[in-house]
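Hi everyone, thanks for having me. I'd like to walk you through one structure today, so please have a look at the screen.

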Amino acid sequence: MDIDVRGPRFGAALTAAVLAVVLITGSAWLLAWQTLAFALGAAGGVNRSPYGLLFRRAVRPRIGPPTAFEAPEPPRFAQAVGLVFAGLGLVGYTLGPSWLGLLATGAALAAAFLNAVFGYCLGCELFLLLRRIGVRAERRGA
């Protein structure tokens, strides 16, 4: 079932805010929360992530029905990519080196910001690119 395109952008805005606070404060606990949010979004889809649930229950009823939809797989893959970067950031913040925490968190923030502000989902684009590469490889092998 396709999802409301506004949901992942809302989640990206919250994610960007959380990651910005992590970079400012160095809070490993807050990054752990964001890592969990990414994990839930990757495992259950963006509609089942904490930000997706908040969007569906509190935001969408106030902004009206969706007018545009997208397939759930690319945003779900993007959540998995975010999980990798947040996980690396968490390792950097808790075990070191600290530059790894800053770099990985900054990369995740950049991706979330692009999605929130411009509607450009890097993880979604990566999903589509990998799928195209897989289809081409499949055609060559057949």
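This is a predicted model: local features need pLDDT of at least 70, side-chain atom pairs count only at pLDDT 80 or more; totals for chains, interfaces and linings use all residues.

Let's start with how the helices get their names: helices (H or I, at least four residues) and strands (E, at least two) are DSSP runs, numbered from the N terminus. Residues are numbered from 1 along each chain as its sequence is written, and side-chain values use heavy atoms, with hydrogens and water left out.

Back to Gly52. Is Gly52 buried or exposed? I'll need some cut-offs: buried means under 20% relative accessible area, exposed means over 50%, and partly exposed is in between (1.4 Å probe, protein chains only). Gly52 has a relative accessible area of 5%, so it is buried.

Now the rings. Rings of Phe, Tyr and Trp (its six-membered ring) pair if their centres lie within 6.5 Å; planes under 30 degrees apart are called stacked, over 60 edge-to-face, and the rest tilted. How many aromatic pairs does this rule give? The count is four. One of them is Phe10 with Phe55, a tilted pair at 5.8 Å centre to centre with 40° between the planes. Phe10 sits in helix 1 (residues 6-25) and Phe55 in helix 3 (residues 50-63), so this pair ties together parts that are 45 residues apart in sequence. Phe10 is partly exposed at 21% relative accessibility, while Phe55 is buried at 4%. Another pair is Phe113 with Phe118, and this one is edge-to-face, with 6.3 Å centre to centre and 80° between the planes. Here Phe113 is partly exposed at 43%, and Phe118 is exposed at 58%.

Next up, charges. A salt bridge is a side-chain nitrogen of Lys or Arg within 4 Å of a carboxyl oxygen of Asp or Glu. That rule gives one salt bridge: Arg6 with Asp4, where the closest N and O atoms are 2.7 Å apart. Arg6 is partly exposed at 24%, and Asp4 is buried at 6%.

On to surface patches. Patches are made of residues with over 30% relative accessible area and no salt bridge; like charges are joined within 9 Å, and nonpolar side chains (Val, Leu, Ile, Met, Phe, Trp, Tyr) within 5 Å. Arg48, Arg56, Arg57, Arg60 and Arg76 gather in a positive patch. Helix 3 gives the most to it, three residues. Arg56 is in helix 3, and it is partly exposed at 32%.

There's a nonpolar patch too, about 500 Å², made by Phe113, Val117, Phe118, Tyr120 and Leu122. Its largest share, three residues, comes from helix 5. Tyr120 lies in the loop between helix 5 and helix 6 (122-141), and it is partly exposed at 40%.

One last thing, about the backbone. Most peptide bonds are trans. The bond from Gly96 to Pro97, though, is cis, with omega near -5°. You'll find Pro97 in the loop between helix 4 (73-94) and helix 5 (98-118). That's me done, thanks!

Terms used: Accessible areas come from the Shrake-Rupley method with a 1.4 Å probe; for residues, only the protein chains shown count as cover. Lys and Arg count as positive and Asp and Glu as negative; His and the chain ends are not counted. The place of a charge is taken as NZ of Lys, CZ of Arg, CG of Asp or CD of Glu.
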